[in-house]
Amino acid sequence: MDSLSQIVLGASVQGAVLGKYQGRKAYLYGAMLGTLPDLDVLIHYPDPISNMTYHRGFSHSLIVLTAVGIVGALAISRYHAWRNLPLPYSTARLATAMTLALTTHPLLDSFTVYGTQLLWPLQESLSLTPFSIASMFIIDPLYTLPLLIAMIVGLIKGSKLGIFKTGVLVHCQRFAIWMLVISSGYLMLSLGLKYHAQDKAEQTLAAAKIGNIARIKTMPVLPTILMWRTVAEDDQNRLVEIRGSVLDSRLPEYRYLTQYDNSQTLRANLPKASQPYAHRLDWFSGDWTGYRTQTMLDDAVEPHKQDVQLVVDDLRMMAGDTAFFSFVLANKTAQGSPWQSITPIDAPIVKVDGEPEVSRIELVKQGFVRVFDESVVDKDGGWILVEHHD
């Protein structure tokens, strides 16, 4: 999830456990602990695939973070005892607060589609794909808002809320607990809507007579849990994309991702030096990758020279036909020549002549229009509607 969500989650968790004792400091300490796991982005690897797949690794491990929380609490408690300044709460309570503030970060991340290595360093040795529940978008204001309110209230009021003499709103600590209940309820709602969306996608596949589906994955496509995208693969390795809103009165639309029709052949013909990169990305994404080629013109260096690039896309995160994570693994200068491996680079977006490039912001705007208007279907983009017969 985004940094703000992680900050307010950590603050609310620590406020719920230690707000009565630490007051405003509980929310400050929790905010710092909540954002700590994402500091691994400061580690730079030699290629973009490594940057992608090593993120949410050791720093997001429940094993590592639990150890950090317990050891950190013991060290703080010992330090206060040495200074003859005993804490007004037990070491166990401190360890609980620190551990929860740290571990709720990767647990929340696992609800997104990206992939989180909750069991590092055992993840790869056990051949476990990073956890990807895929019921939440990386940004969702409706999830973040209750926790943001809890943090602001805690920072302003400290420990005593004082709105009423009795009840929920007596202490900031209780208020933080209720805001966590609300945000956690939203997470549970996202799970229900995800499986509802996947059921609708399967109905679309059946109505379109697309059978023998080998696997299927559903994920949100906007900062909301209203719009969902499903990718399905049949036993012939053809990829189908299904898209729909939970507000639709009809079945979702679908289209074939024809740009990946030759994916299996391209994957098999990768140069040996490119295989480790492909293998790691396949593992990280749960094999939800698509291989394609694209032609680049290099008129600035040599007129009419063409370079053909072998590109791998992460199929789980796409806007239109553009993958958020797309990498060049090999290239060649002529159609008949063999592929030459390269150190992976981010794949450039090839512009279609005469067509302006659509920004991601514009795609998001179009997506929100589609959420509330099921008649908005881009048939030029290959989307097909199906008739639903009861």
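The paragraphs below lead from the helix packing to the sheet and then to one histidine of a predicted model. Residues are numbered from 1 along each chain as its sequence is written, and because the model is predicted, local features need pLDDT of at least 70 and side-chain atom pairs count only at pLDDT 80 or more, while totals for chains, interfaces and linings use all residues. Side-chain values use heavy atoms, with hydrogens and water left out.

Helices (DSSP runs of H or I, at least four residues) and strands (runs of E, at least two) are numbered from the N terminus. Helix α1 (residues 3-22) packs with α2 at an angle of about 145°, their axes being 6 Å apart; axes are lines fitted to C-alpha atoms, for helices over the stretch in contact, and angles run from 0 to 180 degrees between N-to-C directions. The crossing of α1 and α2 is right-handed, that is, the near helix is turned clockwise from the far one by less than a right angle. Contact (heavy atoms within 4.5 Å) involves residues of α1 including Q6, G10 and L18, and residues of α2 including Y27, G30 and L33.

Helix α2 (residues 24-35) also packs with helix α5 (residues 91-109), here at an angle of about 40° and with the axes 8 Å apart. The two are therefore oblique to each other, a class left for angles that are not under 35 degrees (roughly parallel), over 145 (roughly antiparallel) or 65 to 115 (roughly perpendicular). This crossing of α2 and α5 is right-handed, and its contact is made by L33, G34 and T35 of α2 with M98, A101, L102 and H105 of α5.

Elsewhere, 4 strands form an open antiparallel sheet in the order β1-β2-β3-β4, where two strands pair if DSSP finds at least two bridges between them. β1 (213-222) and β4 (253-256) stand at the edges with a single partner strand each, so one side of each is left without a neighbour in the sheet. Strand β3 (residues 239-245) is joined to β4 by 4 bridges, and I242 stands opposite Y254 in β4. Helix α8 (residues 172-207) packs on the sheet and touches β1, β2 (224-234), β3 and β4, its direction making about 45° with that of β2.

Finally, H60 lies in the loop between α3 (48-54) and α4 (62-82). H60 counts as buried because its relative accessibility is 0%, buried meaning under 20% relative accessible area with a 1.4 Å probe and protein chains only. Leaving aside neighbours within four places in sequence, H60 is in contact with residues including P37, D38, H55, H105 and D109.

Note on methods. Buried < 20%, exposed > 50% of the residue type's maximum accessible area, 1.4 Å probe, protein only.
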